[in-house]
Every structure is written in structure tokens, then in C-alpha cells.
Amino acid sequence: MTSWAYETSAAKLAKALPRRWAHVQGVARQARALGAMAGSDAELLESAAILHDIGYAPDLADTGFHPIDGATYLAKIGAPQRLVHLVAHHSFAIYEAQLRGLEDELSDFEDERGSVRDALWYCDITTSPDGDEVTAEHRIAEIKARYGPEHLVTRFITGATPELLGAVERTRRRMVAVDASIQGGQSQSV
């Protein structure tokens, strides 16, 4: 699935939106690093990471809201349902959909509200537009500065901050627990 996801994302973003392509590659790198935490969902997480912003592709814009446009496209081309839903609901999309009056369109997709979803949000909110790893607080400040105080995206990110930081914290706790488990297992085998 990951090879297909990278090819699909590259075809839609690499030439048309090179900075967005850099961002999604950075998000995917972070997702790959969370593989141990994601366990059997590691491939799903990485695939969702590389595809999460595919809805920005100019030829996919329908509603103008990239989570819905991306998920709709992925559903049309037969992507796995869980992947489609993760893309639709990435980074607290429901809140921005409400601000845009698109909550009915987003309701076609299920928010799984679990560790994979949290990890995807973590990877997105800790990756700069250029694909570099940053703190969530830095990324939130960058978004606000880029869009300006009156923009809908600034209103969204301001209101979404507690939910996004919650996902970051839950993911960090899960990463610590997995690392401790791995370390414990290694010390027992010595």
C-alpha cells in the first residue's frame, strides 16, 4: 500500500505543489519513525501521512476543503476505506469543516478517534511546510503568521490547538511506552 500511496501522492503534488509535496514527505518520514508504536497499522499510518494533503491538488478541488476533496478522490479510486477516513479527518478537520459549513460533507467519513489518528495528527502538526520536524507550538504559530489574524484558517488553528496538542501528547506517551517496552525486552534478553 505504501508504494501505491507515494506514487499517487507524487503524481498529484510533486510538480503542481512542490512545497506541499515536501511537507507530505516530511509527515511520512515522521510516520515511518512511529512504525513500532503503530504496530500492524504502520503501513496504514505512513500511507495516510503521504496522502493526507492530496486534496490540495488543483485537479481535485471540488469543495475547496482539502480533507474532503482528498478523501473523495481516494474513495473514487478504490483506496482502502480506513485510509480514506483518516485522510478525511486528519488534524481535527471536523472543526474546520464546521467553520466552512461543510460538516455534512465530512459526515460521510468516519473519525476513528484512536492511536493511528492521533499519530497522523502528530506527524502533520510537527512538520513544517518544507518537511522539517518542528514543535507543534512552532507549527501552530507558523500557520497563524502565514494566514494572518482574520483568516478562517487562523480561527481554525486557534480553536483546534487544544485538540491538536492533545493528540501530540497522547502520541508522545504512546511512544514512551513502546520505547520502554522495547528497552525492557532487550534487557531481559541479555
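The side chains of aspartate 41 and arginine 82 come together in a salt bridge, with 2.9 Å from N to O, where a salt bridge denotes a side-chain nitrogen of Lys or Arg within 4 Å of a carboxyl oxygen of Asp or Glu. Because aspartate 41 lies in the loop between helix H3 (35-38) and helix H4 (42-51) while arginine 82 belongs to helix H6, the pair ties together parts that are 41 residues apart in sequence; helices here are DSSP runs (H or I) of at least four residues, numbered from the N terminus. Arginine 82 itself is partly exposed, its relative accessible area being 34%, given that buried means under 20% relative accessible area, exposed over 50%, and partly exposed in between (1.4 Å probe, protein chains only).

The model is predicted, and for this reason local features need pLDDT of at least 70 and side-chain atom pairs count only at pLDDT 80 or more, whereas totals for chains, interfaces and linings use all residues. Residues are numbered from 1 along each chain as its sequence is written, and side-chain values use heavy atoms, with hydrogens and water left out.

In total, the structure holds 14 salt bridges. Side chains of opposite charge can pair when their charged atoms come close. One of these bridges joins arginine 173 to glutamate 169, the closest N and O atoms being 3.9 Å apart; the two residues are 4 residues apart in helix H11 and are therefore separated by about one helical turn. An α-helix has 3.6 residues a turn, so residues three or four places apart point the same way. Glutamate 169 counts as partly exposed, at 37% relative accessibility. Salt bridges that share partners also join Asp111, Arg117, Asp118, Arg170 and Arg174 into one network. Within this group, arginine 117 forms a salt bridge with aspartate 118, their closest N and O atoms lying 3.3 Å apart, and both arginine 117 and aspartate 118 are buried.

Arginine 117 also takes part in a contact with an aromatic ring, as its charged end sits over the ring of tryptophan 121, 4.0 Å from the ring centre. A charge is taken to sit over a ring if NZ of Lys or CZ of Arg is within 6 Å of the ring centre and within 35 degrees of the ring normal. An arrangement of this kind is also found for arginine 20, whose charged end sits over the ring of tyrosine 56, 3.8 Å from its centre.

The structure holds 3 aromatic pairs, defined by rings of Phe, Tyr and Trp (its six-membered ring) whose centres lie within 6.5 Å, with planes under 30 degrees apart counted as stacked, over 60 as edge-to-face and the rest as tilted. The ring centres of phenylalanine 92 and tryptophan 121 are 5.9 Å apart and their planes stand at 50°, so this pair is tilted. Phenylalanine 92 lies in the loop between helix H6 (81-88) and helix H7 (93-100), and tryptophan 121 in helix H9 (residues 115-125), so the pair ties together parts that are 29 residues apart in sequence. Phenylalanine 92 is buried, with a relative accessible area of 16%, and tryptophan 121 is buried as well, with a relative accessible area of 1%. Tyrosine 95 and phenylalanine 156 form another tilted pair, 6.0 Å from centre to centre and with 35° between the planes. This pair links distant parts of the chain, tyrosine 95 in helix H7 and phenylalanine 156 in helix H11 (residues 152-188) being 61 residues apart. Tyrosine 95 is partly exposed, at a relative accessible area of 23%, whereas phenylalanine 156 is buried, at 7%. Through ring pairs, Phe92, Tyr95, Trp121 and Phe156 are linked into a cluster.

Helix H5 (residues 66-76) is mostly covered, since 8 of its 11 residues are buried, among them His66, Ile68, Tyr73 and Leu74. The buried residues of H5 pack against H1, H4, H6, H7 and helix H8 (103-106), contact meaning heavy atoms within 4.5 Å. H5 is followed by glycine 78, whose phi is positive, near 85°. Proline 80 is found in the loop between H5 and H6 and counts as partly exposed, at 39% relative accessibility.
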